[in-house]
Amino acid sequence: MANLPILQFEEKIVETVEKNPVVVIIGETGSGKSTQLSQILHRRGYTKSGVIAVTQPRRVAAVSVARRVAQELDVNLGEDVGYAIRFEDRTSSKTRIKYLTDGVLLRESLSNPMLDDYSVIILDEAHERSLNTDILLGLMKRLVRIRSSNFKVLITSATLDGEKVSEFFSGCPVLNVPGKLYPVEILYSKERPGSYIESSLKVAIDIHVREPEGDILIFMTGQDDIEKLVSKLEEKVRSLAEGSCMDAIIYPLHGSLPPEMQVRVFSPPPPNCRRFIVATNIAETSLTVDGVVYVIDSGYVKQRQYNPSSGMYSLDVIQISKVQANQRAGRAGRTRPGKCYRLYPFAVFRDDFLDATVPEIQRTSLAGSVLYLKSLDLPDIDILKFDFLDAPSSESLEDALKQLYLIDAIDGNGAITSIGRTMSELPLEPSLSRTLIEANENGCLSQALTVVAMLSAESNLLPVRSKPNEKKRKHDESNLPDGSGFGDHIQLLQIFECWDRNNYDTEWCKQNGMQVRGMVFVKDVRRQLCQIMQKISKDRLEVGARGRNSSSRDDYRKLRKALCVGNANQVAERMLRHNGYRTLSFKPQLMQVHPSSVLSTDNEGMLPNYVVYHELISTTRPFMRNVCVIEMSWVAPIKRKIEKLNVRKLSGGPANSFKEPEEKTELSKNNNNAETTPPAVSENVESRIEAARERFLARKGQK
DNA sequence: GAGCACTGC
């Protein structure tokens with residue numbers, strides 16, 4: 001700890017924080033910023049007037065960093081130093097330094113918008129640009145303006161992004177804290193390889209044969225590529241003459257591996273053995289593998305993006321950004337000098353790669369975030385001109401408003417409704433929280449809680465796909481309920497009820513190919529939602545899935561009706577002559593039911609006329625994932641609402657709520673004149689949105 | 001008859 005680089009900058013940091021409400025800290029990997037910044041300010045008395053909060057984008061980071069700081073200060077975790085993540089609040093009235101996920105801080109700000117428990121808020125890892133951190137950046141900008149001048153905000157970022165964040169905060173000071181990485185030699189390819197699997201294979205074997213010991217980390221885009229490369233590597237390594245080089249052991253590493261397979265990379269390798277770790281970008285930030293000396297970087301990543309005009313997600317392989325490339329290279333220099341082999345030429349890195357990754361706020365549906373901001377009721381903040389570091393497109397904001405309108409969260413003028421207020425209390429995407437509220441009116445809340453909890457965890461539930469497992473899984477799956485012809489939501493309900501009847505037995509999960517951890521998560525989510533709904537619930541809520549009984553067809557019908565209301569923006573109508581569907585509320589497009597669905601055809605081979613879907617995802621074709629059968633009579637009111645829809649009105653709002661965005665230079669000096677800013681000219685707003693939209697399109701065009 | 005990168009309340 002004593003030799004952490006950041007400690008040499010203690011005086012400078014304290015002095016700068018003293019004089020400025022906002023400071024940006026550029027701290028490279030190994031600088032100790034996550035553990036030391038809070039302690040420095042604690043030493044200097046900043047915890048006398050309040051708690052120091054440090055946000056993290058990931059749960060594990062919040063927990064492990066808090067644990068580390070408690071150790072260094074020699075206090076019990078949960079007392080002077082604590083953490084708060086979903087389902088787990090380890091803080092007390094004694095807590096002075098609190099680590100928490102950015103999502104938890106957003107929740108707290110819902111009940112206490114001034115966040116006045118905190119004297120200092122540190123947004124750590126802001127360069128990752130998570131949706132939550134981006135919203136917090138906007139809220140912090142407002143907060144330093146309206147709270148007293150001894151409230152401090154620190155933002156840590158990456159080299160390439162620091163100036164931009166500083167500009168956002170009226171040119172606040174930027175401090176550089178060097179990291180403690182060993183030098184990493186970067187080697188570029190002469191040209192882009194035809195196949196980065198083959199190219200990685202060749203480079204990896206070259207390293208293995210020629211270079212001294214040290215593990216090799218290879219960045220691939222997804223499970224498929226990883227499995228292919230792993231088997232090729234195994235074959236090649238076997239074919240090397242025995243004794244010609246050291247032993248090798250090859251690990252795949254990606255998110256859908258069961259946890260016990262993931263942690264294998266943390267146990268030390270056998271002696272005289274080189275490890276090959278073939279990973280997705282899970283190894284870029286989330287998991288740190290010790291012993292890596294060589295990195296092979298394909299230059300690609302698989303990324304999910306949302307298209308607001310079609311309401312569809314797609315998963316695309318795209319080029320990484322410079323920040324990502326540097327992060328990957330840094331993985332080679334953690335224990336000693338390393339080498340990074342980039343499978344692309346320097347010119348591609350310099351000219352083609354974006355400086356930073358497109359922030360999440362520009363690639364996801366914003367319905368939840370827009371509802372969140374509306375529920376804050378900030379008199380001086382209007383969602384359409386909320387001050388974002390990078391603004392989302394107006395198209396994306398309009399899509400969010402449209403979605404919210406169709407599920408009654410906002411009215412025709414864009415104002416939040418009482419339903420919308422209740423929805424914002426629930427830690428769920430809007431379609432799911434609306435479903436719960438309707439189910440409560442409907443008398444099927446218990447069932448809806450189950451389905452909604454299952455959907456929140458869905459990707460963690462299904463067994464891993466792997467060739468030898470396939471047969472076994474098919475066989476096992478036939479033992480699971482089938483949704484009784486009503487689709488996937490009902491099946492999810494039936495599965496949970498089955499597990500409930502089996503006393504939440506983990507063996508039952510294993511026998512049926514369900515992921516134990518995923519199902520336990522569902523139980524936790526359901527319990528949490530239960531507690532929140534208890535306050536507004538009409539019925540008494542049994543904690544179990546209807547007292548160990550199965551739901552009836554009547555329950556299913558009520559539930560499907562609630563799902564229809566909650567997913568009013570995601571209704572699909574079947575084509576007359578075939579089993580393709582089209583959406584009602586987005587521009588017309590043909591979609592299919594995902595082949596993994598349990599939805600079945602009738603005697604004539606036709607699928608139901610109307611369904612709602614949970615998600616629209618384009619892979620080889622557009623697919624609806626998780627569909628539920630609904631009745632035609634339920635669709636009529638939705639159709640009427642869509643016809644009446646006027647997006648301009650939704651985004652207009654009352655004219656007097658518009659205010660000129662404050663002058664940037666005023667931030668640090670004038671803390672108390674928030675109310676004196678003149679009303680904005682709407683042209684100004686529109687031109688800002690238009691400019692943001694053009695920036696967005698330009699970026700998309702570069703791709 | 002297709003396939004899912006990674007987080008989080």
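Student: Is Gln324 buried or exposed?
Tutor: The model is a predicted one. The relative accessible area of Gln324 is 8%, and a residue counts as buried under 20%. Gln324 is therefore buried.

Student: In which helix is Gln324 placed, and which residues does Gln324 touch?
Tutor: Gln324 has its place in helix α10. Leaving aside residues up to four places away in sequence, the residues that Gln324 touches are Asn281, Glu284, Val301 and Thr357.

Student: Why is helix α10 described as largely enclosed by the rest of the structure?
Tutor: Helix α10 spans residues 322-330. Its buried residues are Lys322, Val323, Gln324, Ala325, Arg328, Ala329 and Gly330. Helix α10 is largely enclosed because the buried residues number seven of the nine.

Student: What covers the buried residues of α10?
Tutor: The cover includes both strands and a helix. The helix is α11 (346-352). Among the strands are β9 (184-188), β10 (215-219), β13 (292-297), β14 (300-307) and β16 (338-342).

Student: In which sense do β14 and β15 pair, and over how many bridges?
Tutor: Strand β15 comprises residues 312-319. The pairing of β14 with β15 is antiparallel, over eight bridges.

Student: Which residue takes a positive phi in the hairpin of β14 and β15?
Tutor: The hairpin has four residues between its strands. A positive phi near 65° is taken there by Gly311.

Student: Which residue of β20 is the bridge partner of Ser314?
Tutor: Strand β20 covers residues 610-618. β15 and β20 run parallel and are joined by two bridges. In β20, the partner of Ser314 is Ser618.

Student: How many residues surround DNA strand B, and how are they divided by class?
Tutor: DNA strand B is surrounded by 28 residues, and the closest are Arg59, Gly255, Thr619, Thr620 and Arg625. By class, this surface has nine nonpolar, ten polar and nine charged residues.

Student: Which element supplies the largest share of the surface near DNA strand B?
Tutor: At least two residues each come from α4 (102-111), β14 and β21 (622-629). The largest share is three residues, and the element that supplies it is α4.

Student: What percentage of the atoms of DNA strand B within 4 Å of the protein belong to sugar or phosphate?
Tutor: The atoms of DNA strand B within 4 Å of the protein belong either to sugar or phosphate or to bases. The bases account for the rest once sugar and phosphate are counted, and the share of sugar or phosphate is 68%.

Student: Is Arg129 buried or exposed?
Tutor: Arg129 lies in the loop between β6 (118-123) and α5 (131-146). Its phi is near 55°, a positive value in a residue other than glycine. With a relative accessibility of 5%, Arg129 counts as buried.

Student: What is the relative accessible area of Asp408?
Tutor: Asp408 is found in the loop between α13 (394-406) and α14 (418-425). Although Asp408 is not a glycine, its phi is positive, at about 70°. Asp408 is partly exposed, and its relative accessible area is 22%.

Methods: Residues numbered from 1 in each chain as written. Chains lettered and ligands numbered in written order. Predicted model: local features only at pLDDT ≥ 70, side-chain atom pairs only at ≥ 80, totals over all residues. Heavy atoms only, no water. Buried < 20%, exposed > 50% of the residue type's maximum accessible area, 1.4 Å probe, protein only. Contact = heavy atoms within 4.5 Å. Pairing = 2+ DSSP bridges. Near = heavy atom within 4 Å. Nonpolar A, V, L, I, M, F, W, Y, C, P; charged D, E, K, R; others polar.
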